[in-house]
Amino acid sequence: MKKERREVEAFSMSFLDAVCCGFGAIILMLVLTKTAEPIILDEIAPDLEGVIAELEKQLFEIRGETRRVTQEIKQTDEQLAKRKLTVARLEGDLSKILGEFAASQRESSVTDIIEGKLSTAQQQLTEEMQRLLGSEYRRSDEDQVIGGVPVDSEYIVFIIDTSGSMFNYSWPMVLQKVQETLRVHPEVKGIQVMNDMGNYMFSRYRSRWIPDSPARRKAIVDRLRTWNPFSNSSPVEGINQAISTFYAPDKKISLYVFGDEFTGGSIQRVVDTVDRINRVDPATGRRRVRIHAIGFPVQFARPASLQTTGMRFATLMRILCERNDGTFVGLERAF
């Protein structure tokens, strides 16, 4: 009997063949793909390093530019602050100039007011002065005088207000009046220069007299041109120190007080203090030290509400000069 072929087995072998080939092809593709990946990555890696380097370079440049811009902004802010300060100062100067201009428009009336106040300060006793000096007070006519100022002293002390108002607005006049005072004392035995706080012009001559000579006088005037120590705009400290330091019973001494205002407290207290340290000599009936004063009308160029310290200086020095055998002179102009 003839056996029949089993077609299923032959078909199954072919199918397995095809399947195996397919799997083999897939495996081969995978192997080829895995082998190619490192090559591609190796090619990409140098490019990425270049990009990173370029980005880092750009980052450094940006940081440098940021620092530069920050510095420029800081400098600009500083310049702006300086310019704002300059503008503020200019506005202040403009305000002052406008005030001076407005004052100059009223020059005649202001001059009359100043002259009237100074004339009153020089020639009349106020009720307070009369109370302090006594209604029977009279100045002796025995003194040698020039322009109403006794010049019989052998030693002279300048007490000069070095405050901003004096130094900025009246200093040329101060120099002029110091030189004029020296000229009316052509020869003295000793000179001293202090500011209103009692600070000495020449520290090596502290508490002792500067010998008089043409060279010394020139040195005083030259130094005075730029001499500007701190001042509280009150002559009291300088007067008290000068009297306490330099008084001697065998010496004729005069103080010359140059100033424009008195910012201290009680005028009565100042007068009492000076009376205590500058006592009357029983033998002569005179004070130990003469006190003269020159008033610079700097404050009278300001509005009326700001003139008080100038008026108080005139009042104080008028009283002190009267009580201490001296003369008060009020100038009509400060420069």
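**Group meeting: surface, core and salt bridges**

Let me start on the surface, where Phe23, Ile26, Ile27 and Leu30 make a nonpolar patch with about 420 Å² of accessible area together. A patch here takes residues with over 30% relative accessible area and no salt bridge, joining nonpolar side chains (Val, Leu, Ile, Met, Phe, Trp, Tyr) within 5 Å and like charges within 9 Å. The areas come from the Shrake-Rupley method with a 1.4 Å probe, and for residues only the protein chains shown count as cover.

This is a predicted model: local features need pLDDT of at least 70, side-chain atom pairs count only at pLDDT 80 or more, and totals for chains, interfaces and linings use all residues. Residues are numbered from 1 along each chain as its sequence is written, and side-chain values use heavy atoms, with hydrogens and water left out.

Leu30 lies in helix H1, residues 7-105. Helices (H or I, at least four residues) and strands (E, at least two) are DSSP runs, numbered from the N terminus. Leu30 has a relative accessible area of 51%, so it is exposed; the cut-offs are under 20% for buried, over 50% for exposed, and partly exposed in between, with a 1.4 Å probe and protein chains only.

Also in H1, Arg68 and Glu72 sit four residues apart, about one turn of the helix. Their side chains meet in a salt bridge at 2.5 Å, N to O, the definition being a side-chain nitrogen of Lys or Arg within 4 Å of a carboxyl oxygen of Asp or Glu. Glu65 joins Arg68 and Glu72 in a network of salt bridges.

Now to the strands. Is strand E4 buried or exposed? Six of the six residues of E4 (residues 190-195) are buried, so the strand is largely enclosed by the rest of the structure. Strand E3 (residues 155-160) runs parallel to E4, joined by six bridges; strands pair if DSSP finds at least two bridges between them. Tyr155 stands opposite Gly190 in E4.

Last, the core. The largest nonpolar core has 31 residues, and Ile239, Leu255 and Met317 have the most contacts inside it. Such a core is a set of buried Ala, Val, Leu, Ile, Met, Phe, Trp, Tyr and Cys residues joined through side-chain atoms within 4.5 Å. Helix H9 gives the most to this core, with seven residues. Among the buried residues of H9 are Phe313, Leu316 and Met317. Just after H9, Asp325 takes a positive phi of about 60°.
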